[in-house]
Amino acid sequence: MRRNKKFCLSVLLCTLVMVLGFAAVALASGGAAVPIEAPAGKTPAFGNLYVIGWTAVNFFVLLALVYKFGYGPINAMLEQRTNTIEGSLKHAEEVKVEVEQMRKETAANLAESRKEAQEIVGRATKAAEEAKNELLAKAKEESTAMRNKANAEIQAATAQAKVELRDTAVTLAIMAAEKVLSRAINEADQKNMVKQFVAEAGDLLC
Amino acid sequence: MIFGMWDGVLFHLGPIPVDHLIVTEWVVIAFIGLIAMSATKNMQIVPRGLQNGFEAMILWTYDFFTQLMDEEHVAKKWAPILTSFFLFILISNYSGLIPGAAHIQGFQPPTSNWNVTMTLALITFFSIHVAGFSEHGGHYLHHFVSPSWAMLPLNLVEEVAHPLSLTVRLFGNIFGEETVVAYLLFMAPFLVPSAMMGLGLLLGAIQAIVFTILSASYIAAAAGAGH
């Protein structure tokens, strides 16, 4: 398909060239109709000094143009390109050295930081351990103190309760004695008194 | 007007007559100059477009001559003139393929005239000896009598044969090709000459390369260590 397209384009181009050629011939012959006359085929005269002179001048003008607009700028550009590439390579080398140095510095810093971090962690662990032990000891001490205090309080309360109980018992005994001594009582009164005593004593004891 | 008929003056520039093909030479030179100017007008470090193509062409010719001439300083010195030969001959040869070539007054392929090819060959001839003298000084004359005085006539013939062969080869090929196309155009106007014109594309490039290579090798031989 692509080859066919190229072939068609080539034929079209050739036809165009031929048609343009004919048009040019027709124009050159002052509008005379084609077909054209047969070629003369004679060779041009040799040694035309004007042609030689003009051609030499023209060639040196061309040489000047090629030098001025071809070799000159291109050589300058090549030199500039060479300088740019050399500069870039040099810069890249410098950057490479710098990066290598930075990498070494970073590695050293990292190692130092790691060491410092380990030391810090060690110190912190030790401090935490000490704090823990201190707290534990303090807590133990406090708990012991609290327990002792509580025991003492309990003992004090118990002793006071005993004292109070004894005092109450004495009071009750005195009260009971007062009751007994204050009037003559029969059996029924005695029973009532005992019941009343028990009821009152119960209120006091509770 | 048929090919070969305009071997004469088209107009006068003051007292100096200007032939038909000189006008084409001007157009060829203007074309090359314009391309070169456009390509190198705003040159960039990273080449693009026309600059890229023109740079590639100039560098290709420069590398080509450097390889051909062995010595870089000689190649560097003579590369512009050789590139000018190549471009001038190539564009001149191809100008004959443009419709109307040799049919419109003032438009005639310059390299189909042997005055033009002889001028180019003479420039090569002088370049050879300038290169020889500039590289070896007076010692360059020894090569005319090398390896012995008996060879002087043959060496002189060889020196004359160089420009003569360059003249006749380029002229003969381009003139012959143009004549054949003209005959074919007369006999079978449509399509048939296209094949010959296609060959003309190849022939034009080959002749430009051959002329330039031979010039470069002659200059290299004169400037080389052999002398």
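I began at the hairpin of S1(B) and S2(B), where two residues lie between the strands and Gly14(B) takes a positive phi near 70°. The model is a predicted one: local features need pLDDT of at least 70, side-chain atom pairs count only at pLDDT 80 or more, and totals for chains, interfaces and linings use all residues. Residues are numbered from 1 along each chain as its sequence is written, and chains are lettered from A and ligands numbered from 1 in the order in which they are written.

**Strands.** I took helices (H or I, at least four residues) and strands (E, at least two) as DSSP runs, numbered from the N terminus. S1(B) covers residues 9-13, and S2(B) covers residues 16-19. The two strands run antiparallel and are joined by four bridges; strands pair if DSSP finds at least two bridges between them. I found Val9(B) opposite Asp19(B) of S2(B). Buried here requires 20 or more other C-beta atoms within 10 Å of the residue's own, with C-beta atoms placed from the backbone.

**H1(B) and H3(B).** I looked next at H1(B), residues 20-40, against H3(B), residues 72-95. They pack at an angle of about 120°, their axes 10 Å apart. Axes are lines fitted to C-alpha atoms, for helices over the stretch in contact, and angles run from 0 to 180 degrees between N-to-C directions. The pair is therefore oblique, the class left after under 35 degrees (roughly parallel), over 145 (roughly antiparallel) and 65 to 115 (roughly perpendicular). The crossing of H1(B) and H3(B) is right-handed, the near helix being turned clockwise from the far one by less than a right angle. On the H1(B) side I noted Thr24(B), Val28(B), Phe31(B) and Ile32(B); H3(B) supplies Leu87(B), Phe88(B), Ile91(B), Ser92(B) and Ser95(B). Contact means C-beta atoms, placed from the backbone, within 7 Å. I sorted these residues into six nonpolar, three polar and no charged. Nonpolar covers Ala, Val, Leu, Ile, Met, Phe, Trp, Tyr, Cys and Pro; charged covers Asp, Glu, Lys and Arg; the others, Gly among them, are polar.

**H1(B) and H2(B).** H2(B) spans residues 49-69, and its axis comes within 8 Å of that of H1(B), crossing at roughly 115°. I recorded this crossing as left-handed. Ile35(B), Ala36(B), Ser38(B), Ala39(B) and Thr40(B) of H1(B) meet Leu50(B), Gln51(B) and Phe54(B) of H2(B). The contact of H1(B) with H2(B) holds five nonpolar, three polar and no charged residues.

**Chain A.** I counted three helices and zero strands.

Technical notes: Two residues are in contact if their C-beta atoms, placed from the backbone, lie within 7 Å. A residue is buried if 20 or more other C-beta atoms lie within 10 Å of its own, exposed if 12 or fewer, and partly exposed in between; C-beta atoms are placed from the backbone.
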